[in-house]
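Thanks for asking me to look this one over. Here are my notes, point by point, to read beside the model.

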Amino acid sequence: MDQKFMKRAIELSKKGIGYTSPNPLVGAVIVKDGTIIGEGYHEVYGSHHAEVNAFKNATEDVTGATMYVTLEPCSHYGKTPPCADLIVKKKIKEVVIALKDPNPLVSGRGIKILEDNGIKVTTGILESECRKVNEIFLHYITKGTPFCILKTAMTLDGKIATKTGHSKWITGDSSRKHVHKLRHQVSAIMVGIDTVIEDNPLLTTRLEKQDGRDPIRVIVDTTARIPLDANVLSNDSSAATIIATTERAPKDKIELLKDRGADVIVTRLKNNRVDLQDLLNQLGERKIDSVLIEGGSTLNYSLLQEGLIHKVMTYIAPKLIGGSTAKTPVGGQGVSTMDEALHLQDIQVSHFDEDIMIEGYIKHTVKED
């Protein structure tokens, strides 16, 4: 029964995807005599938490009921009062929690408040499922830097464009719609300046029958080469744009970019380029908790080489285009031997019409002395 009601709470939490950043996705269910009498989820950043919404939606007195919640109730005053105190006030008898909150402001304090007030607390129910749902939040709240997802699309022979650079379209409609859903779910999209110059993308979310949220667009541009008429600098979209550059960029160009409405981040130099770790640190300070990396091959390689990618999502179309000079998803120098290759773990395979998508997490190995 605990798993049944926790599954419902997890389903509810997913309704907040794309709207709660940098807060977690949380669902709550109130059960009395084996029947759900209240449900709620964290709907949008800054609004009521899941527990509050579940109480608001309760159809009868909650005294003596059991609450199922996907994340430990908060114990501190933020944009809203502590949920743990409210649970005590509402005379809930038992609280079942999927995951303890790693946030240092909570970190067991919510559970302690409940137990100190005589409320039975059970933890760890469907914990792994909840961790998967909140992988972005869990990384960001503990590391302070964005969770980085490398997204690529390629042909069966590993090409992201033809020998002439033509790439529209590698994958089919279903795959591209799924990518737009991904864009809705993250805080930012990152591309290199070559992608902007070659493709002039909008990097916005275009979803039919949905209110797709546009993530922040981050352009990695060491010397500020971006054309002032680039689509990502257009005022036609509500999406904000960050130009990540360095001291190598002309100061007058930086001012022109600011005049166009762009936010300019100047990072340290590393190998005479944007210091990607420094960039991610500064994005984290701006409460950007997740970044979808959409190329190109040079940026992809640099991020992988520096160990800054956490998850990989690759769409593969059943097409063959060949060409020894046609670009592949990951450029750079590459590794010398197969034992240096990066491995993925926790692999999942999805189908989008004739395309397939493989996703997994970078396996970080510990080198022996």
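1. A word on terms before the details: contact here means heavy atoms within 4.5 Å. This is a predicted model, in which local features need pLDDT of at least 70 and side-chain atom pairs count only at pLDDT 80 or more, while totals for chains, interfaces and linings use all residues. Residues are numbered from 1 along each chain as its sequence is written, and side-chain values use heavy atoms, with hydrogens and water left out.

2. Let me start with the annotated site. UniProt, in an unreviewed entry, lists His-49, Cys-74 and Cys-83 under "binding site"; its positions are given in the numbering used here, feature names are shortened, and annotations may be inferred rather than shown by experiment. These residues span 35 residues in sequence, yet no two of their C-alpha atoms are more than 9.1 Å apart, so they gather at one spot.

3. Where do His-49 and Cys-83 sit? His-49 is in the loop between β2 (35-41) and α2 (50-56), and Cys-83 belongs to helix α3 (residues 83-89). Helices (H or I, at least four residues) and strands (E, at least two) are DSSP runs, numbered from the N terminus. Cys-83 has 1% relative accessibility and so counts as buried (under 20% relative accessible area; exposed is over 50%, partly exposed in between; 1.4 Å probe, protein chains only). Setting aside neighbours within four places in sequence, Cys-83 is in contact with His-49, Glu-51, Val-52, Pro-73 and Cys-74.

4. Next, helix α4 (residues 109-116), whose buried residues are Gly-110, Ile-111 and Leu-114. Seen down the axis of α4, they fall within an arc of 100 degrees, so they line one face of the helix; the arc is that of the directions from the helix axis to the C-beta atoms. These buried residues pack against α3, β4 (94-99) and β5 (120-123). After α4 comes Gly-118, with a positive phi near 80 degrees.

5. Now the sheet: nine strands form an open, mixed sheet in the order β10-β9-β8-β7-β13-β6-β14-β16-β15. Two strands pair if DSSP finds at least two bridges between them. β10 (263-266) and β15 (343-352) are at the edges, each with a single partner strand, so one side of each lacks a neighbour in the sheet.

6. Gln-348 has Glu-359 in β16 as its bridge partner.
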